[in-house]
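Please keep the model in view while reading.

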Amino acid sequence: MSSRTIHSFCIGDDCFHAEMQITSKVLGIFGNLLPGTAFTQQKCNIPKEFHKDTVLIALILQGYLHQRRNYLDLDQSKLAVFKLYMLRRLRILHDEWLGKLRMEDLTVQTHPFLHWPEKEQEEDDDNQDKQKADDENQKGKVVEFVKVKEKGEEQKEDNENQDKQNADDENQKVKVVKLVYELPNDKEDLHNSGYCIIDNVGDGNCGYYSLILGLENNGIRECSVDAENDGPPNMWENHLWQEKVVDLRRRLYAHSRHLLSKVYPPKKRTHFFWMYTGYHTANDQKLLSKEFIDKRRQTSAYFDCPLDKEYYMNPYWGPLVFASLFRLTTVVMFRNYVSTTENTTENDTHKVTLMWGTLVFQYNSPRETKNDQHMIVTLHQYERYRIPDIEARRQPVIELVFDAGYLPGNKPVEQHFLFLRRIYCNNIAIPPQMDNATLRELLQLESNTFAELLRVSTEGGSESLGELSELTTRLAA
């Protein structure tokens, strides 16, 4: 009031006349209260390009003016922070609607099986192989040293007598080849699809760790240790978590035997169904339950690295048994690494691509009949399928990623399970890259444009006069 100046703000292009009327009324009120006092007027027109939400801009401007902050320094980043602050409760409700697992609460004390990349990096730095010291020149790439037979070796072996094969060293020559390739990074792609990947330690129990996280994400904690019972931050010392994981193995073992004897007895097993489970023959199917538990093995022995691969969770039968036991839907997205290089030579360009596929194991009915299936198994070939959010609310859904495939040099990928936590609803568009210019910069740009149009209009041109008239209305003071 000491400056005798009335500041008015016009947001957008359609409020000029309304702003004039309000300003005139305010001037009349102060003229009656302070007769004989002259007031000046300053107007600020907020360009429509700055933000489309006029209500939000009005609210933020009000806050900035009340706190005597410099509103001209506002940009899109500050607006985004303000919206997140105002909508923090809505964000919590949004995240809880998609899942109960609060990622910010996950620690090595609450979940000692979680994989922390920064910890692994420290260990890798301490035990770095001297042979890969030049890896600084291959940042973002993988360096492998593999043994391959020299060119022409296979033809020589065909021509040699089998009895002399082991005695002839010339036919056993191999060479070490340095392969350099870059693994595809689909973390951003999964994030844009609405997922956050939660990794587990690769000790042979990763499938069970991922399923436990999935239960927690659906509000089921019967297979988890209470958060208050903090224990050692690793699985080989945390006996409470060991008991929980092995107990889940026992329950799945018992339910697997139930399914094989009561729900899917040998005479009722269709080839179409068992094709999806990965076990085609009757002899293979007899071994299905063996993967879950070994009655002779002590609890701690399941967490001795490395665990025998025969006790890894099968990516077909394990999720099916789990979905049947807890009466929910388990989704396994198969992330297969494929090497596109046929020859193993150092001169080749070694590329690795990803091939996706999805299996959905959905609990449907307590019994298997001709008219009603106990489990519905659906294959989505060559795609990363996501169940719609509304459908996922009708029945609990647990989503996993399973890594497999081969890398250059015919090196198999370590089979591994990861848990997927939904963070966005489906069909949410990725926001475009925003222009982070400040309000001051936009106003200066319009002012410069006005000056340029004014100069051009003096030289003639009806189009420039029309633009000048429109801009004059917006910038009038």
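A contact here means heavy atoms within 4.5 Å. Among contacts in the chain between residues at least 6 apart in sequence, 70% join residues at least 24 apart. The model is a predicted one, in which local features need pLDDT of at least 70 and side-chain atom pairs count only at pLDDT 80 or more, while totals for chains, interfaces and linings use all residues. Residues are numbered from 1 along each chain as its sequence is written, and side-chain values use heavy atoms, with hydrogens and water left out.

The chain has 15 helices and 11 strands, these being DSSP runs (helices H or I, at least four residues; strands E, at least two) numbered from the N terminus. Of the 477 residues in the chain, 38% are buried, where buried means under 20% relative accessible area, exposed over 50%, and partly exposed in between (1.4 Å probe, protein chains only).

In strand β6 (residues 329-339), 8 of the 11 residues are buried, so the strand is largely enclosed by the rest of the structure. Its pairings, which require that DSSP finds at least two bridges between two strands, are set out below.

| Partner of β6 | Sense | Bridges | Residue pair |
|---|---|---|---|
| β9 (residues 397-407) | parallel | 9 bridges | M333 and V401 |

**Nonpolar cores**

A nonpolar core is a set of buried Ala, Val, Leu, Ile, Met, Phe, Trp, Tyr and Cys residues joined through side-chain atoms within 4.5 Å. The largest such core holds 56 residues, of which L248, W317, F322, F361 and I398 touch the most other members. Elements that give two or more residues to this core include β6, β7, β8 and β9, as well as α12 (317-326), and α9 gives the most, with 9 residues. Leaving aside residues up to four places away in sequence, F322 touches L211, L215, L248, L252, L328, T330 and I398. Another core, of 16 residues, lies apart from the largest one, and L61, Y71, A437 and L442 are among its members.

**Two loop residues with positive phi**

Most residues other than glycine have a negative phi. R68, however, has a positive phi near 55° and is placed in the loop between α2 (54-66) and α3 (76-86), where it counts as exposed because its relative accessibility is 80%. Y382 likewise has a positive phi, near 60°, and is found in the loop between β8 (375-381) and α13 (389-394); with 61% relative accessibility, Y382 also counts as exposed.
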